[in-house]
Amino acid sequence: MLQLRNLVKEYGGRRLLADVNWHIRPADRIGLCGENGAGKTTLLKILAGRVAPDGGELQSAKGTTFGYLPQDGLEHRGQSLFAEVHGALDDLVRMEKEMRLLEESISTGAGKDDLSRYATVQETFRQRGGYTMETEVAKVLHGLGFAETDWQKPCEAFSGGWQMRIALAKLLLQRPNLLLLDEPTNHLDLPARDWLEEYLVHYPFAVVLVSHDRFFLDQVVGRIVEVWNGQLTEYPGNYSRYVEERERRIEALMEAKRRQDEEVEKMEAFISRFRYQANKASLVQSRVKQLEKIERIQVPPPRRKIAFHFPDPPKGGRMVLEMNRVTQGYGDLTVLDTIDLCVEKGDRVALVGANGAGKSTLMRLLAGEESPRSGERIEGHNLSLAYFAQDQAKVLDPQKTVLEEITSAAPFDMVPRVRDILGAFLFSGDDVHKRVSVLSGGERNRLALAILLLRPANLLLLDEPTNHLDLQSKQVLLDSLRGYKGTLVFVSHDRYFVDALATRVVEIGGGRATSYLGNYEEFLRAKGAQGDLTHSAQRVEVLKGAESFEPEDKEDRKRQHEQRKEAQRLEKKRQKELSEVEARIETLENDLAELEQVMADPDLYQDPQRWRDVSARHQGLQDKISTEYERWEQLQQSESA
């Protein structure tokens, strides 16, 4: 349906797209991947006709319609929400009016020749969902998180994130043949994100999208196209398969490049050696021509990633933080109503719920940034918390450089390490001298996270830490948080991130805070078993999973709850013993290293008794280390079991 031929696009002398050839077929589900600045958004804009290429051509099938959603910047005003979104169906409204006029003409007998036209218009109207217009508008608005009480509000009453939802609603209702979406989940909470995922899975036409949400890509797309070095490389399957296939492809490319480099080196050595020998002139010329014809293999550079480890947290009590009958609101609006929440040592708590439900409010209360109207916040023993707010980057001083900002926030003993930490967060070379005011959203978030790392804390409160991070950076942050030894409470609209990290989900909504053991997938099963379709529990496979996993009576539920608690208790015990074993191994290996320095002294062997004592101690340490490693392996195996 759409084909690119030798497409070229340049910006400031840099070639973003170089002689690109690409074919998009009807009903394709394509995810564009690549590092920031590779050209993904530019390619979407070219497909949408918003940006003209500098060379080549773009051919589309007759009748192809395009729909493009940018990352941000759209605003709607002058109409109510429902009227604005319904306006996306103007073509259908015009068809409906034409049908009424044709019906009147036919009924009076004056329009016998209009029967054919009426049949054509009616069939088109039916195929495009004209008879269910109102229902479809309501379905899309509800799916994207708009309450029915919002429908008659003026569009200008909605904030930037909701403005993008309005634009997305209009686009989905128009049902273009080619849907082009640039970060469509950026402004969506988890329920709306899950609804959009389900909608796109069943969308009847082609979809090309850019997203930093790994789970969303895995569920929606059937093909990944990587944008790198001006070229497009296709990988069949979803994002997870792409990650595996890309590694295999790069390994193969590196081996092929190694062989090619060896061959080139041999040719160049031959040319250099025999360049000035007349009897070898023809052979030299042959090698020169061969070299010119060789198409050099290019290997994608290794991706720079955030790589860091959180400092070991100070020891604290079993109960880390508790909210006791807390109520909070603003003006006449009550956001949280007499909620109870206890956060225990080692918990990984994900707060979920619709936008505006009160997740960020609860995070501010937990952090002590706000005082509740009523109820109490109780801190555990030796609590040391670090709080990353959703707008954390806004507290940075725009006039300072990156280095000045992190140095001013660093404890005295950490000042010598700030450059190393900045390097781990992708700020290297002259980047550290950039002013905060010129940093992108992702760079500001990375700087704010780096500053958070400076101080050890046994409770991390993270409100949307993955905003503006690319897929690779999210993965490394996730890996780092998995290794964090303290307690974590976080908000994220990235399904993969929540699924991989949470051990408990707390749903915020209707002023309440309801706790569910397990990750987000288990939370969905529990909601589906309760008949609650406000999340993606409406998906068939989740409902089937709920039938299989959820017990039927209260006694079974109670027993399963106790089993989960016991499993969590055993896991905490295993983790504690694992840490103790690792500490003992480190101590023993240090002792062994010191002893081996003693054994390296030639004078030791002049005293036979001392040598026997040292040798026996050396053997004893080795035996102890061997025993500890056996226990360490047993504990590791019990985790995988």
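Mentor: We'll go through some helix pairs and then the cavities.

Trainee: What kind of model is this, and how are residues numbered?
Mentor: This is a predicted model, where local features need pLDDT of at least 70, side-chain atom pairs count only at pLDDT 80 or more, and totals for chains, interfaces and linings use all residues. Residues are numbered from 1 along each chain as its sequence is written, and side-chain values use heavy atoms, with hydrogens and water left out.

Trainee: At what angle do α3 and α4 pack?
Mentor: About 150 degrees, with the axes of α3 (residues 90–107) and α4 (residues 115–127) 10 Å apart. Helices are DSSP runs (H or I, at least four residues), strands too (E, at least two), numbered from the N terminus. Axes are lines fitted to C-alpha atoms, for helices over the stretch in contact, and angles run from 0 to 180 degrees between N-to-C directions.

Trainee: How do α3 and α4 run relative to each other, roughly parallel or roughly antiparallel?
Mentor: α3 and α4 are therefore roughly antiparallel; that word is for angles over 145 degrees, while under 35 counts as roughly parallel. α3 passes α4 in a left-handed crossing. Left-handed means the near helix is turned anticlockwise from the far one by less than a right angle.

Trainee: Which residues in α3 and α4 meet?
Mentor: From α3, they include L92, M95 and M99; from α4, they include L115, Y118 and V121. Contact means heavy atoms within 4.5 Å. The residues of this contact divide into 9 nonpolar, 2 polar and 4 charged. Ala, Val, Leu, Ile, Met, Phe, Trp, Tyr, Cys and Pro count as nonpolar, Asp, Glu, Lys and Arg as charged, and the others, Gly among them, as polar.

Trainee: Now α6 and α7. At what angle do they cross?
Mentor: At roughly 20 degrees, and their axes come within 13 Å. So α6 and α7 are roughly parallel to each other. Their crossing is left-handed.

Trainee: And which residues meet there?
Mentor: R165, L168 and L172 in α6 meet A192, W195, L196, Y199 and L200 in α7. That contact has 7 nonpolar, no polar and 1 charged.

Trainee: New topic. How many cavities of 30 Å³ or more?
Mentor: The count comes to 3. On a 1 Å grid over the protein atoms alone, a cavity is a set of points where a 1.4 Å probe fits but cannot get out; lining residues have an atom within 4 Å of a point.

Trainee: What volume does the largest cavity have, and what lines it?
Mentor: About 90 Å³, the space filled by probe spheres set on the points, which are joined across faces, edges and corners. Its lining has 13 residues, and C33, G34, H212, L471 and Q472 lie nearest its centre.

Note on methods:
Parallel < 35°, antiparallel > 145°, perpendicular 65-115°, else oblique. 1 Å grid on protein atoms, 1.4 Å probe; cavity = no way out; pocket = protein on both sides within 12 Å on 5 of 7 lines; lining within 4 Å.
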